[in-house]
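Take a moment to look over the sequence and the structure below. Then read on, one step at a time.

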Amino acid sequence: MARYGMALDYKNCINCKACEVACKEENGVLLGADKHRIWVGQNEVSGQWPLLDISSATFLPSQCQHCDNAPCQSVCPTNATYYDENNVVRVNVDKCILCSYCMNACPYDARYVDDRTLTVDKCTFCSDTRLARGETTTACQNTCPTKVRTFGDLDDPNSEISQLLRNREHFSLKSHLGTKPKLYYLT
Amino acid sequence: MNIKEFITSIPVKKVSIKDVLTPDNKLVGLAGIVLLAMYLFGAVTALIHGHHAYGVTRQHPWGLLIVMYIFFVGTSTGLAIIGSFGHIFGIKVYNRFGLRVSLLAIAMLLPGFAIILLEIGHPVTMMIYNTLSPGLTSAIWWMGTLYTFVLVFLIGEFIVGLTGNHKVSRLLGIGGLVADLAAFATLGSIFGYLVARPAVNGPFMPLYFILTAMVAGSFLIFLMYGIKYKNNFPEDIKPMLNTLAKVLGLLLAALLFFDFWYIMTGIYGHLPERGETISYILGTKTYWIAEILMGAVIPFAIILLSKGKNLAALTWASFFGLVGIFFMRYDMVHNAQVFPMQTMKITEYQLVPSLVEYTPSSTEWMIALGAIGLAILIYQAGTKLFDLEEKDHH
(Lines give C-alpha, C1' and ligand atoms only; values in the text may rest on other atoms or scores of the structure.)
Protein backbone atom coordinates (compact mmCIF):
# COMPACT_ATOMS: atom_id res chain seq x y z
CA MET A 1 0.00 0.00 0.00
CA ALA A 2 0.92 3.63 -0.10
CA ARG A 3 2.95 5.69 2.34
CA TYR A 4 1.18 9.01 2.26
CA GLY A 5 2.88 12.29 3.05
CA MET A 6 2.54 15.95 2.23
CA ALA A 7 4.96 18.60 0.99
CA LEU A 8 4.22 22.22 1.82
CA ASP A 9 5.60 25.05 -0.27
CA TYR A 10 4.87 27.17 2.77
CA LYS A 11 6.35 30.40 1.47
CA ASN A 12 3.50 30.53 -1.03
CA CYS A 13 0.91 30.59 1.76
CA ILE A 14 -1.16 33.79 1.84
CA ASN A 15 -3.02 32.92 5.07
CA CYS A 16 -6.42 32.87 3.36
CA LYS A 17 -7.40 29.96 5.60
CA ALA A 18 -9.38 28.31 2.81
CA CYS A 19 -7.68 25.03 3.80
CA GLU A 20 -9.05 25.29 7.35
CA VAL A 21 -12.56 25.89 6.03
CA ALA A 22 -12.33 23.11 3.44
CA CYS A 23 -11.11 20.68 6.10
CA LYS A 24 -13.97 21.50 8.45
CA GLU A 25 -16.51 21.30 5.62
CA GLU A 26 -15.22 18.06 4.11
CA ASN A 27 -14.63 16.19 7.34
CA GLY A 28 -17.47 17.59 9.44
CA VAL A 29 -15.16 19.09 12.04
CA LEU A 30 -17.09 21.03 14.70
CA LEU A 31 -17.03 24.80 14.74
CA GLY A 32 -14.92 26.57 17.35
CA ALA A 33 -11.40 27.93 17.42
CA ASP A 34 -10.05 25.00 19.44
CA LYS A 35 -11.72 22.38 17.25
CA HIS A 36 -9.41 22.13 14.28
CA ARG A 37 -7.47 19.45 12.48
CA ILE A 38 -5.32 21.88 10.51
CA TRP A 39 -4.25 25.46 11.00
CA VAL A 40 -2.16 28.27 9.56
CA GLY A 41 0.41 29.65 11.98
CA GLN A 42 1.38 33.26 11.69
CA ASN A 43 4.64 34.86 12.77
CA GLU A 44 4.45 38.34 14.22
CA VAL A 45 6.30 40.97 12.19
CA SER A 46 9.35 41.94 14.20
CA GLY A 47 11.23 45.24 14.18
CA GLN A 48 10.05 48.81 14.66
CA TRP A 49 8.58 51.10 12.02
CA PRO A 50 10.02 51.93 9.55
CA LEU A 51 12.62 49.18 9.95
CA LEU A 52 10.12 46.34 9.86
CA ASP A 53 11.56 42.90 9.31
CA ILE A 54 9.45 41.79 6.36
CA SER A 55 11.17 38.41 6.16
CA SER A 56 9.79 37.58 9.60
CA ALA A 57 6.18 37.86 8.43
CA THR A 58 5.72 34.27 7.32
CA PHE A 59 2.84 31.85 7.48
CA LEU A 60 3.27 28.22 8.43
CA PRO A 61 0.35 25.95 7.51
CA SER A 62 0.37 22.80 9.62
CA GLN A 63 -1.54 19.79 10.92
CA CYS A 64 -0.81 16.26 12.16
CA GLN A 65 2.64 15.35 10.90
CA HIS A 66 1.69 11.68 10.40
CA CYS A 67 4.97 10.71 12.02
CA ASP A 68 6.55 7.39 11.10
CA ASN A 69 7.51 7.15 14.78
CA ALA A 70 4.44 8.78 16.28
CA PRO A 71 4.61 9.44 20.05
CA CYS A 72 0.80 9.56 20.15
CA GLN A 73 0.62 6.01 18.83
CA SER A 74 3.11 4.44 21.23
CA VAL A 75 1.48 5.99 24.31
CA CYS A 76 -2.05 4.82 23.47
CA PRO A 77 -3.14 2.24 26.09
CA THR A 78 -5.79 0.58 23.90
CA ASN A 79 -4.14 0.88 20.47
CA ALA A 80 -6.98 3.22 19.49
CA THR A 81 -4.34 5.24 17.66
CA TYR A 82 -2.89 3.14 14.86
CA TYR A 83 -1.12 3.32 11.52
CA ASP A 84 -3.51 2.39 8.75
CA GLU A 85 -2.53 0.48 5.59
CA ASN A 86 -1.34 3.75 4.02
CA ASN A 87 0.82 4.68 7.04
CA VAL A 88 -1.65 7.38 8.00
CA VAL A 89 -1.94 7.88 11.77
CA ARG A 90 -5.61 7.31 12.64
CA VAL A 91 -7.85 7.05 15.70
CA ASN A 92 -10.37 4.24 16.15
CA VAL A 93 -13.19 6.03 18.00
CA ASP A 94 -14.59 2.74 19.32
CA LYS A 95 -11.37 2.04 21.18
CA CYS A 96 -10.52 5.57 22.36
CA ILE A 97 -11.02 5.95 26.12
CA LEU A 98 -10.18 9.68 26.25
CA CYS A 99 -7.25 9.34 28.63
CA SER A 100 -5.74 12.30 26.72
CA TYR A 101 -2.22 10.84 26.87
CA CYS A 102 -1.85 11.26 23.10
CA MET A 103 -2.78 14.95 23.33
CA ASN A 104 0.04 15.45 25.80
CA ALA A 105 2.48 13.28 23.87
CA CYS A 106 2.00 15.01 20.51
CA PRO A 107 4.73 17.62 20.02
CA TYR A 108 2.65 19.45 17.40
CA ASP A 109 -0.67 20.12 19.19
CA ALA A 110 -2.38 18.20 16.40
CA ARG A 111 -5.05 16.49 18.52
CA TYR A 112 -8.24 17.71 20.11
CA VAL A 113 -11.42 16.29 21.63
CA ASP A 114 -14.43 15.83 19.34
CA ASP A 115 -17.33 16.90 21.54
CA ARG A 116 -19.81 14.63 19.76
CA THR A 117 -18.06 11.36 20.51
CA LEU A 118 -15.86 12.59 23.38
CA THR A 119 -12.91 10.92 21.74
CA VAL A 120 -9.70 12.34 20.36
CA ASP A 121 -9.78 13.51 16.75
CA LYS A 122 -7.08 14.54 14.30
CA CYS A 123 -6.20 14.91 10.62
CA THR A 124 -6.74 11.72 8.64
CA PHE A 125 -5.48 12.98 5.27
CA CYS A 126 -9.21 12.81 4.34
CA SER A 127 -9.00 8.99 4.46
CA ASP A 128 -12.64 8.63 5.54
CA THR A 129 -13.95 11.11 3.01
CA ARG A 130 -12.11 12.02 -0.18
CA LEU A 131 -9.73 9.09 -0.36
CA ALA A 132 -12.58 6.70 0.47
CA ARG A 133 -14.44 8.11 -2.54
CA GLY A 134 -11.49 7.39 -4.74
CA GLU A 135 -10.14 10.91 -4.97
CA THR A 136 -6.41 11.43 -4.85
CA THR A 137 -6.20 14.81 -3.17
CA THR A 138 -7.02 16.10 0.31
CA ALA A 139 -9.54 18.90 0.88
CA CYS A 140 -6.88 21.33 2.08
CA GLN A 141 -4.74 20.66 -0.98
CA ASN A 142 -7.63 20.83 -3.40
CA THR A 143 -8.79 24.25 -2.22
CA CYS A 144 -5.40 25.97 -1.89
CA PRO A 145 -5.23 28.93 -4.32
CA THR A 146 -1.44 29.14 -4.32
CA LYS A 147 -0.79 25.38 -4.49
CA VAL A 148 1.06 25.22 -1.20
CA ARG A 149 0.23 21.58 -0.57
CA THR A 150 1.21 18.46 -2.50
CA PHE A 151 -0.18 15.19 -1.18
CA GLY A 152 0.93 11.80 -2.43
CA ASP A 153 2.65 8.48 -2.04
CA LEU A 154 6.22 8.78 -0.77
CA ASP A 155 6.96 5.20 -1.83
CA ASP A 156 6.11 5.93 -5.46
CA PRO A 157 9.23 7.45 -7.06
CA ASN A 158 7.14 8.98 -9.83
CA SER A 159 4.60 10.72 -7.60
CA GLU A 160 4.61 14.50 -7.62
CA ILE A 161 5.59 14.64 -3.95
CA SER A 162 8.54 12.28 -4.44
CA GLN A 163 9.79 14.40 -7.33
CA LEU A 164 9.40 17.58 -5.29
CA LEU A 165 11.33 16.14 -2.36
CA ARG A 166 14.11 14.99 -4.71
CA ASN A 167 14.44 18.42 -6.27
CA ARG A 168 13.73 20.87 -3.46
CA GLU A 169 15.45 21.37 -0.12
CA HIS A 170 13.07 20.75 2.75
CA PHE A 171 12.83 20.42 6.51
CA SER A 172 10.45 18.91 9.06
CA LEU A 173 9.17 20.32 12.34
CA LYS A 174 10.91 19.29 15.58
CA SER A 175 12.85 16.61 13.70
CA HIS A 176 15.31 16.41 16.62
CA LEU A 177 12.63 14.53 18.58
CA GLY A 178 13.01 11.55 16.27
CA THR A 179 9.33 11.47 15.35
CA LYS A 180 10.09 11.21 11.60
CA PRO A 181 7.27 13.47 10.36
CA LYS A 182 5.81 12.90 6.89
CA LEU A 183 5.04 16.59 6.44
CA TYR A 184 7.86 18.28 4.57
CA TYR A 185 8.34 22.05 4.38
CA LEU A 186 9.95 23.11 1.09
CA THR A 187 12.50 25.89 1.24
CA MET B 1 -10.86 -24.75 52.77
CA ASN B 2 -13.43 -23.51 50.28
CA ILE B 3 -14.13 -19.85 49.59
CA LYS B 4 -17.19 -19.70 51.82
CA GLU B 5 -15.28 -21.11 54.77
CA PHE B 6 -12.44 -18.67 54.13
CA ILE B 7 -14.76 -15.67 54.03
CA THR B 8 -16.50 -16.68 57.24
CA SER B 9 -13.09 -17.21 58.87
CA ILE B 10 -12.19 -13.51 58.42
CA PRO B 11 -12.54 -12.04 61.88
CA VAL B 12 -15.04 -9.17 61.76
CA LYS B 13 -16.04 -7.33 64.91
CA LYS B 14 -19.73 -7.64 65.73
CA VAL B 15 -20.69 -3.98 65.58
CA SER B 16 -23.90 -2.28 64.50
CA ILE B 17 -24.10 0.04 61.49
CA LYS B 18 -24.52 2.88 63.96
CA ASP B 19 -21.16 2.01 65.50
CA VAL B 20 -19.49 1.94 62.10
CA LEU B 21 -20.89 5.37 61.31
CA THR B 22 -19.93 6.90 64.64
CA PRO B 23 -16.48 8.44 64.24
CA ASP B 24 -13.83 8.35 66.94
CA ASN B 25 -12.93 11.89 66.02
CA LYS B 26 -16.09 13.91 65.36
CA LEU B 27 -14.35 16.64 63.35
CA VAL B 28 -12.69 14.13 61.02
CA GLY B 29 -15.94 12.14 60.75
CA LEU B 30 -17.94 15.25 59.85
CA ALA B 31 -15.30 16.28 57.30
CA GLY B 32 -15.56 12.80 55.81
CA ILE B 33 -19.32 13.04 55.30
CA VAL B 34 -19.25 16.59 53.89
CA LEU B 35 -16.41 15.69 51.52
CA LEU B 36 -18.15 12.51 50.38
CA ALA B 37 -21.28 14.54 49.58
CA MET B 38 -19.07 16.86 47.51
CA TYR B 39 -17.61 13.90 45.66
CA LEU B 40 -21.04 12.47 44.87
CA PHE B 41 -22.33 15.85 43.65
CA GLY B 42 -19.26 16.30 41.47
CA ALA B 43 -19.52 12.75 40.16
CA VAL B 44 -23.17 13.21 39.14
CA THR B 45 -22.32 16.49 37.42
CA ALA B 46 -19.46 14.79 35.57
CA LEU B 47 -21.68 11.87 34.53
CA ILE B 48 -24.28 14.28 33.12
CA HIS B 49 -21.93 16.69 31.38
CA GLY B 50 -18.90 14.50 30.68
CA HIS B 51 -15.59 16.26 30.11
CA HIS B 52 -17.42 19.55 29.50
CA ALA B 53 -17.71 19.85 33.28
CA TYR B 54 -13.92 20.03 33.58
CA GLY B 55 -11.62 22.99 33.03
CA VAL B 56 -9.20 21.02 30.85
CA THR B 57 -8.41 22.27 27.35
CA ARG B 58 -6.74 21.19 24.13
CA GLN B 59 -3.49 22.74 25.36
CA HIS B 60 -3.85 21.48 28.94
CA PRO B 61 -5.62 18.13 28.69
CA TRP B 62 -4.64 16.89 32.16
CA GLY B 63 -6.02 18.71 35.17
CA LEU B 64 -6.89 18.45 38.83
CA LEU B 65 -8.30 14.92 38.62
CA ILE B 66 -4.98 13.55 37.38
CA VAL B 67 -3.29 15.56 40.16
CA MET B 68 -5.43 14.00 42.89
CA TYR B 69 -5.17 10.55 41.33
CA ILE B 70 -1.38 10.82 41.61
CA PHE B 71 -1.75 12.21 45.13
CA PHE B 72 -3.88 9.29 46.30
CA VAL B 73 -2.16 6.36 44.63
CA GLY B 74 1.25 7.87 45.40
CA THR B 75 0.47 8.20 49.09
CA SER B 76 -0.86 4.64 49.01
CA THR B 77 2.39 3.45 47.46
CA GLY B 78 4.34 5.33 50.12
CA LEU B 79 2.29 3.68 52.85
CA ALA B 80 2.91 0.26 51.34
CA ILE B 81 6.66 0.93 51.24
CA ILE B 82 6.87 2.29 54.80
CA GLY B 83 4.48 -0.41 56.03
CA SER B 84 6.78 -3.07 54.59
CA PHE B 85 9.61 -2.04 56.95
CA GLY B 86 8.17 -4.20 59.73
CA HIS B 87 5.98 -6.68 57.96
CA ILE B 88 8.35 -7.64 55.14
CA PHE B 89 11.82 -6.48 56.08
CA GLY B 90 11.44 -7.55 59.70
CA ILE B 91 12.62 -4.29 61.32
CA LYS B 92 11.08 -5.01 64.71
CA VAL B 93 10.35 -1.46 65.82
CA TYR B 94 7.90 -1.08 62.92
CA ASN B 95 5.87 -4.17 63.84
CA ARG B 96 3.55 -1.81 65.67
CA PHE B 97 2.14 -0.68 62.34
CA GLY B 98 0.26 -3.97 62.26
CA LEU B 99 -2.55 -3.95 59.76
CA ARG B 100 -3.38 -0.29 60.35
CA VAL B 101 -0.98 0.98 57.70
CA SER B 102 -2.20 -1.70 55.26
CA LEU B 103 -5.76 -0.48 55.80
CA LEU B 104 -4.64 3.11 55.27
CA ALA B 105 -2.92 2.13 52.01
CA ILE B 106 -6.16 0.54 50.76
CA ALA B 107 -8.17 3.55 51.97
CA MET B 108 -5.92 5.81 49.86
CA LEU B 109 -5.85 3.57 46.78
CA LEU B 110 -9.62 3.22 46.32
CA PRO B 111 -10.35 7.00 46.16
CA GLY B 112 -7.60 7.21 43.54
CA PHE B 113 -9.55 4.71 41.44
CA ALA B 114 -12.79 6.59 42.17
CA ILE B 115 -11.19 9.70 40.67
CA ILE B 116 -9.58 8.12 37.62
CA LEU B 117 -12.88 6.48 36.65
CA LEU B 118 -14.32 9.98 36.29
CA GLU B 119 -11.22 11.37 34.58
CA ILE B 120 -11.12 8.69 31.87
CA GLY B 121 -13.74 9.58 29.27
CA HIS B 122 -14.87 6.00 28.63
CA PRO B 123 -13.99 3.74 31.59
CA VAL B 124 -16.02 0.76 30.34
CA THR B 125 -14.33 0.94 26.94
CA MET B 126 -11.03 1.09 28.85
CA MET B 127 -11.73 -2.19 30.65
CA ILE B 128 -12.74 -3.89 27.39
CA TYR B 129 -9.93 -2.69 25.15
CA ASN B 130 -7.19 -2.69 27.79
CA THR B 131 -7.79 -6.44 27.66
CA LEU B 132 -8.69 -7.02 24.00
CA SER B 133 -6.14 -4.71 22.39
CA PRO B 134 -3.48 -3.86 24.96
CA GLY B 135 -1.09 -1.05 24.07
CA LEU B 136 2.05 -2.67 25.44
CA THR B 137 4.20 0.36 24.61
CA SER B 138 1.92 2.58 26.67
CA ALA B 139 2.95 3.56 30.20
CA ILE B 140 -0.71 4.18 31.03
CA TRP B 141 -1.54 0.57 30.13
CA TRP B 142 1.21 -0.77 32.38
CA MET B 143 0.33 1.60 35.18
CA GLY B 144 -3.35 0.65 35.10
CA THR B 145 -2.59 -3.06 34.92
CA LEU B 146 -0.02 -2.90 37.73
CA TYR B 147 -2.37 -0.96 40.00
CA THR B 148 -5.00 -3.66 39.50
CA PHE B 149 -2.44 -6.15 40.83
CA VAL B 150 -1.59 -3.75 43.66
CA LEU B 151 -5.24 -3.60 44.72
CA VAL B 152 -5.57 -7.38 44.71
CA PHE B 153 -2.31 -7.87 46.64
CA LEU B 154 -3.05 -5.15 49.22
CA ILE B 155 -6.56 -6.41 49.95
CA GLY B 156 -5.28 -10.00 49.98
CA GLU B 157 -2.47 -9.11 52.38
CA PHE B 158 -4.93 -7.31 54.65
CA ILE B 159 -7.57 -10.03 54.73
CA VAL B 160 -5.13 -12.90 55.13
CA GLY B 161 -3.37 -10.84 57.80
CA LEU B 162 -6.67 -10.57 59.68
CA THR B 163 -7.05 -14.33 59.70
CA GLY B 164 -3.66 -14.58 61.38
CA ASN B 165 -1.87 -16.39 58.55
CA HIS B 166 1.19 -14.14 58.62
CA LYS B 167 3.27 -16.28 56.30
CA VAL B 168 0.83 -15.99 53.38
CA SER B 169 0.06 -12.39 54.31
CA ARG B 170 3.78 -11.57 54.11
CA LEU B 171 4.07 -13.24 50.69
CA LEU B 172 1.12 -11.21 49.42
CA GLY B 173 2.73 -8.15 50.97
CA ILE B 174 5.94 -8.78 49.02
CA GLY B 175 3.91 -9.09 45.81
CA GLY B 176 2.08 -5.90 46.69
CA LEU B 177 5.29 -4.02 47.41
CA VAL B 178 6.93 -5.03 44.13
CA ALA B 179 3.78 -4.26 42.11
CA ASP B 180 3.33 -0.97 43.98
CA LEU B 181 6.90 0.21 43.35
CA ALA B 182 6.58 -0.74 39.68
CA ALA B 183 3.16 0.88 39.36
CA PHE B 184 4.02 4.26 40.83
CA ALA B 185 7.39 4.44 39.06
CA THR B 186 5.49 3.66 35.86
CA LEU B 187 3.10 6.50 36.68
CA GLY B 188 6.18 8.72 36.87
CA SER B 189 7.37 7.34 33.55
CA ILE B 190 4.12 8.46 31.92
CA PHE B 191 5.66 11.91 32.21
CA GLY B 192 9.24 10.74 31.79
CA TYR B 193 8.43 9.23 28.38
CA LEU B 194 7.02 12.48 26.95
CA VAL B 195 9.59 13.41 24.31
CA ALA B 196 7.49 16.48 23.53
CA ARG B 197 7.91 17.87 27.06
CA PRO B 198 11.58 18.44 27.93
CA ALA B 199 10.74 19.73 31.42
CA VAL B 200 9.67 16.24 32.52
CA ASN B 201 11.26 13.97 29.89
CA GLY B 202 13.96 11.67 31.22
CA PRO B 203 14.65 9.42 34.21
CA PHE B 204 13.96 12.03 36.91
CA MET B 205 10.20 11.59 37.27
CA PRO B 206 10.04 7.87 38.21
CA LEU B 207 12.73 8.44 40.88
CA TYR B 208 11.04 11.61 42.13
CA PHE B 209 7.68 9.83 42.28
CA ILE B 210 8.99 7.00 44.48
CA LEU B 211 10.83 9.42 46.78
CA THR B 212 7.82 11.72 47.20
CA ALA B 213 5.56 8.68 47.68
CA MET B 214 7.63 7.66 50.71
CA VAL B 215 7.53 11.22 52.06
CA ALA B 216 3.74 11.36 51.57
CA GLY B 217 3.24 7.95 53.18
CA SER B 218 5.31 9.00 56.22
CA PHE B 219 3.36 12.25 56.56
CA LEU B 220 0.05 10.38 56.53
CA ILE B 221 1.27 7.90 59.16
CA PHE B 222 2.24 10.76 61.50
CA LEU B 223 -1.07 12.51 60.85
CA MET B 224 -3.04 9.30 61.42
CA TYR B 225 -1.34 8.52 64.75
CA GLY B 226 -1.56 12.18 65.79
CA ILE B 227 -5.32 12.17 65.26
CA LYS B 228 -5.75 8.70 66.78
CA TYR B 229 -3.97 9.65 70.00
CA LYS B 230 -4.99 13.34 69.90
CA ASN B 231 -1.29 14.18 70.06
CA ASN B 232 -1.01 12.44 73.42
CA PHE B 233 1.19 9.56 72.35
CA PRO B 234 1.50 6.49 74.59
CA GLU B 235 5.07 5.59 75.56
CA ASP B 236 5.07 2.25 73.73
CA ILE B 237 4.41 3.81 70.33
CA LYS B 238 6.99 6.59 70.63
CA PRO B 239 10.12 4.56 69.73
CA MET B 240 8.54 3.60 66.39
CA LEU B 241 7.46 7.14 65.54
CA ASN B 242 10.78 8.61 66.65
CA THR B 243 12.60 6.19 64.35
CA LEU B 244 10.20 6.91 61.51
CA ALA B 245 10.78 10.63 62.05
CA LYS B 246 14.49 10.10 61.40
CA VAL B 247 13.70 8.15 58.25
CA LEU B 248 11.42 10.99 57.16
CA GLY B 249 14.20 13.48 57.89
CA LEU B 250 16.50 11.56 55.58
CA LEU B 251 13.81 11.38 52.89
CA LEU B 252 13.16 15.13 53.12
CA ALA B 253 16.88 15.86 52.83
CA ALA B 254 16.92 13.69 49.70
CA LEU B 255 13.84 15.52 48.39
CA LEU B 256 15.49 18.93 48.83
CA PHE B 257 18.55 17.54 47.06
CA PHE B 258 16.37 16.31 44.19
CA ASP B 259 14.55 19.65 43.98
CA PHE B 260 17.80 21.62 43.97
CA TRP B 261 19.39 19.69 41.12
CA TYR B 262 16.19 19.55 39.09
CA ILE B 263 16.09 23.33 39.15
CA MET B 264 19.83 23.83 38.63
CA THR B 265 20.12 21.54 35.63
CA GLY B 266 17.01 23.21 34.24
CA ILE B 267 18.18 26.81 34.39
CA TYR B 268 21.83 26.15 33.56
CA GLY B 269 22.15 26.70 29.82
CA HIS B 270 18.45 27.52 29.62
CA LEU B 271 17.57 24.74 27.18
CA PRO B 272 14.57 25.89 25.10
CA GLU B 273 11.18 24.94 26.58
CA ARG B 274 12.79 23.34 29.64
CA GLY B 275 14.52 26.55 30.70
CA GLU B 276 11.34 28.59 30.32
CA THR B 277 9.39 26.04 32.34
CA ILE B 278 11.93 26.02 35.19
CA SER B 279 12.00 29.84 35.24
CA TYR B 280 8.21 29.74 35.44
CA ILE B 281 8.37 27.28 38.37
CA LEU B 282 10.76 29.56 40.23
CA GLY B 283 8.29 32.41 39.87
CA THR B 284 5.33 30.56 41.37
CA LYS B 285 4.35 31.01 45.03
CA THR B 286 3.08 27.44 45.36
CA TYR B 287 6.55 26.12 44.59
CA TRP B 288 8.26 28.08 47.35
CA ILE B 289 5.54 28.17 50.00
CA ALA B 290 3.81 24.81 49.52
CA GLU B 291 6.39 22.53 47.91
CA ILE B 292 9.58 23.75 49.50
CA LEU B 293 8.54 25.26 52.85
CA MET B 294 5.48 23.21 53.81
CA GLY B 295 6.43 20.05 51.98
CA ALA B 296 10.08 19.82 52.94
CA VAL B 297 11.88 22.56 54.90
CA ILE B 298 9.50 23.00 57.86
CA PRO B 299 9.04 19.28 58.65
CA PHE B 300 12.78 18.75 58.09
CA ALA B 301 13.60 21.58 60.51
CA ILE B 302 11.21 20.18 63.15
CA ILE B 303 12.78 16.73 62.87
CA LEU B 304 16.30 18.13 62.92
CA LEU B 305 15.80 20.48 65.86
CA SER B 306 13.85 18.01 68.01
CA LYS B 307 15.90 14.99 66.91
CA GLY B 308 12.60 13.48 65.76
CA LYS B 309 11.08 13.59 69.25
CA ASN B 310 8.51 16.41 68.93
CA LEU B 311 5.69 14.23 67.63
CA ALA B 312 2.91 16.76 68.29
CA ALA B 313 4.64 19.31 66.07
CA LEU B 314 5.17 16.59 63.49
CA THR B 315 1.43 15.88 63.38
CA TRP B 316 0.80 19.47 62.32
CA ALA B 317 3.81 19.54 60.06
CA SER B 318 2.52 16.37 58.41
CA PHE B 319 -0.88 17.92 57.77
CA PHE B 320 0.74 20.89 56.06
CA GLY B 321 3.28 18.53 54.53
CA LEU B 322 0.46 16.68 52.78
CA VAL B 323 -0.80 20.04 51.49
CA GLY B 324 2.75 20.50 50.19
CA ILE B 325 2.59 17.06 48.55
CA PHE B 326 -0.69 18.05 46.90
CA PHE B 327 1.03 21.06 45.35
CA MET B 328 4.01 18.92 44.30
CA ARG B 329 1.54 16.82 42.32
CA TYR B 330 -0.43 19.81 41.06
CA ASP B 331 2.62 21.77 39.98
CA MET B 332 4.26 18.76 38.36
CA VAL B 333 1.20 18.02 36.21
CA HIS B 334 0.71 21.69 35.36
CA ASN B 335 4.38 22.44 34.72
CA ALA B 336 4.60 19.45 32.37
CA GLN B 337 2.01 21.13 30.15
CA VAL B 338 2.77 24.80 30.75
CA PHE B 339 4.92 25.31 27.66
CA PRO B 340 2.59 25.46 24.64
CA MET B 341 3.06 22.99 21.78
CA GLN B 342 1.48 25.59 19.49
CA THR B 343 3.72 28.62 19.59
CA MET B 344 2.27 30.55 16.66
CA LYS B 345 -0.77 32.77 16.31
CA ILE B 346 -3.43 30.76 14.51
CA THR B 347 -6.41 33.13 14.62
CA GLU B 348 -6.72 36.83 13.94
CA TYR B 349 -6.72 39.23 16.89
CA GLN B 350 -5.01 36.59 18.98
CA LEU B 351 -1.96 37.31 21.09
CA VAL B 352 1.14 35.24 20.44
CA PRO B 353 0.67 32.07 22.55
CA SER B 354 2.41 32.31 25.89
CA LEU B 355 2.53 29.85 28.76
CA VAL B 356 -0.64 27.78 29.05
CA GLU B 357 -3.04 28.61 31.86
CA TYR B 358 -5.34 26.20 33.62
CA THR B 359 -8.05 26.79 36.21
CA PRO B 360 -9.85 23.74 37.63
CA SER B 361 -13.65 23.85 37.39
CA SER B 362 -15.88 23.60 40.47
CA THR B 363 -16.78 20.04 39.44
CA GLU B 364 -13.11 19.09 39.39
CA TRP B 365 -12.59 20.57 42.86
CA MET B 366 -15.62 18.73 44.22
CA ILE B 367 -14.50 15.36 42.85
CA ALA B 368 -10.84 15.84 43.75
CA LEU B 369 -11.24 17.10 47.30
CA GLY B 370 -14.42 15.11 47.89
CA ALA B 371 -12.52 11.87 47.35
CA ILE B 372 -10.66 12.62 50.61
CA GLY B 373 -14.03 11.93 52.28
CA LEU B 374 -14.07 8.53 50.64
CA ALA B 375 -10.62 7.80 52.11
CA ILE B 376 -11.69 8.93 55.58
CA LEU B 377 -14.86 6.83 55.58
CA ILE B 378 -13.17 3.69 54.22
CA TYR B 379 -10.48 3.98 56.89
CA GLN B 380 -13.04 4.69 59.61
CA ALA B 381 -15.19 1.71 58.62
CA GLY B 382 -12.08 -0.49 58.52
CA THR B 383 -11.03 0.48 62.02
CA LYS B 384 -14.52 -0.25 63.33
CA LEU B 385 -15.04 -3.55 61.55
CA PHE B 386 -11.65 -5.16 61.99
CA ASP B 387 -9.32 -5.79 64.86
CA LEU B 388 -6.19 -3.88 63.91
CA GLU B 389 -4.56 -4.32 67.30
CA GLU B 390 -0.92 -3.47 66.84
CA LYS B 391 0.46 -6.52 68.53
CA ASP B 392 3.90 -7.84 67.83
CA HIS B 393 3.09 -10.75 65.58
CA HIS B 394 6.59 -11.66 64.47
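**A walk through the structure**

Start in chain B, where Glu273(B) sits in the loop that links α10 (238-267) to α11 (274-282). Helices here are DSSP runs of H or I with at least four residues, strands are runs of E with at least two, and both are numbered from the N terminus. Glu273(B) is not a glycine, yet its phi is positive, at about 70°. Most residues other than glycine have a negative phi, and most peptide bonds are trans. Glu273(B) is partly exposed, with 17 other C-beta atoms within 10 Å. The cut-offs are these: a residue is buried with 20 or more other C-beta atoms within 10 Å of its own, exposed with 12 or fewer, and partly exposed in between, with C-beta atoms placed from the backbone.

A word on the source. This is a predicted model, in which local features need pLDDT of at least 70 and side-chain atom pairs count only at pLDDT 80 or more, while totals for chains, interfaces and linings use all residues. Residues are numbered from 1 along each chain as its sequence is written, and chains are lettered from A and ligands numbered from 1 in the order in which they are written.

Now move to chain A. Its secondary structure comes to five helices and ten strands. The radius of gyration, taken over C-alpha atoms, is 17 Å. Of the 187 residues in chain A, 44% are buried.

Two loops of chain A deserve a look. Pro50(A) lies in the loop between β2 and β3 (59-63). The peptide bond leading from Trp49(A) to Pro50(A) is cis, with omega near 5°. Leu118(A) is in the loop between β6 and β7 (119-121). Leu118(A) has a positive phi of about 50°, although it is not a glycine. It is partly exposed, with 16 other C-beta atoms within 10 Å.

Where do the chains meet? In all, 33 residues of chain A are in contact (C-beta atoms, placed from the backbone, within 7 Å) with 34 residues of chain B. On the chain A side, β2 (38-42), α2 (71-74), α3 (101-105) and β6 (112-114) each supply at least two residues. That side divides into 21 nonpolar, eight polar and four charged residues. Here Ala, Val, Leu, Ile, Met, Phe, Trp, Tyr, Cys and Pro count as nonpolar, Asp, Glu, Lys and Arg as charged, and the others, Gly among them, as polar.

Methods:
Two residues are in contact if their C-beta atoms, placed from the backbone, lie within 7 Å. The radius of gyration is taken over C-alpha atoms; the globule rule is 2.2 Å times the number of residues to the power 0.38.
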